Amino acid sequence: QVQLVESGGGLVQAGGSLRLSCAASERTFNNYALAWFRQAPGKEREIVAAISWSGGNRYYADSVKGRFTSSRDNAKNTVYLQMNSLKPEDTAVYYCAAARTFPRSSVFTTANEYDNWGQGTQVTVSS
C-alpha cells in the first residue's frame, strides 16, 4: 500500500491559483500512475487529471483543460496539480490516487482503477 498525503488546499477567489501536492511514502513511486479526483457536496467523485508513471501520458477532464496542469517529480515522490483561473465550480475536496502500472504507461480515469487514496484536501473558490 502507498501512503498518500495531499496538501496545498485552501480558500481562493475566482480567477486565482493554487498548487496541490501529493507526497507518497512508496520508494517505488515511479512504478505508479497517479491521478487527482475531486468530490463536491452532493456529487459523485470525478476525475480531474491523471499522469502515467513516467509523466509521458496525461489526461485532463474537459472542465479543467487549459487551466490545470498535473506534473510529478519521481525523485521527490510527489505529484502536483497546478490550478489556475479557478472557478467557484472547482470547489471540492481534492483527492490524490495511485495505481501500480509499470511498465505500462497507462493512465486510468475511473476511481475503481485506483487502490491507494489520500485523505483529501479542501479547495474553496469564492465568487
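**Exercise 1.** Find how many disulfides the model holds, and which residues they join.

*Solution.* Step 1: apply the criterion, a pair of cysteine sulfur atoms within 2.5 Å; the count comes to one disulfide. The model is predicted: local features need pLDDT of at least 70, side-chain atom pairs count only at pLDDT 80 or more, and totals for chains, interfaces and linings use all residues. Residues are numbered from 1 along each chain as its sequence is written, and side-chain values use heavy atoms, with hydrogens and water left out.

Step 1: identify the pair. Cysteine 22 is joined to cysteine 96, S to S 2.2 Å. The angle about their S-S bond is -85 degrees, which makes the link left-handed.

Step 2: Cysteine 22 belongs to strand β3 (residues 18–24) and cysteine 96 to strand β9 (residues 92–100), so the bond ties together parts 74 residues apart in sequence. Strands here are DSSP runs of E, at least two residues, numbered from the N terminus.

**Exercise 2.** Decide whether cysteine 22 and cysteine 96 are buried or exposed.

*Solution.* Buried means under 20% relative accessible area, exposed over 50%, partly exposed in between (1.4 Å probe, protein chains only). Cysteine 22 has 0% relative accessibility and is therefore buried. Cysteine 96, also at 0%, is buried.

**Exercise 3.** Determine which residues touch the most other members of the largest nonpolar core.

*Solution.* Step 1: a nonpolar core is a set of buried Ala, Val, Leu, Ile, Met, Phe, Trp, Tyr and Cys residues joined through side-chain atoms within 4.5 Å.

Step 1: the largest has 29 residues, and Leu81, Met83 and Tyr94 touch the most other members.

Step 2: a second, separate core of eight residues includes Ile47, Ala97, Ala99 and Tyr114.

How values were computed: Helix = DSSP H or I, 4+ residues; strand = E, 2+ residues; numbered from the N terminus.
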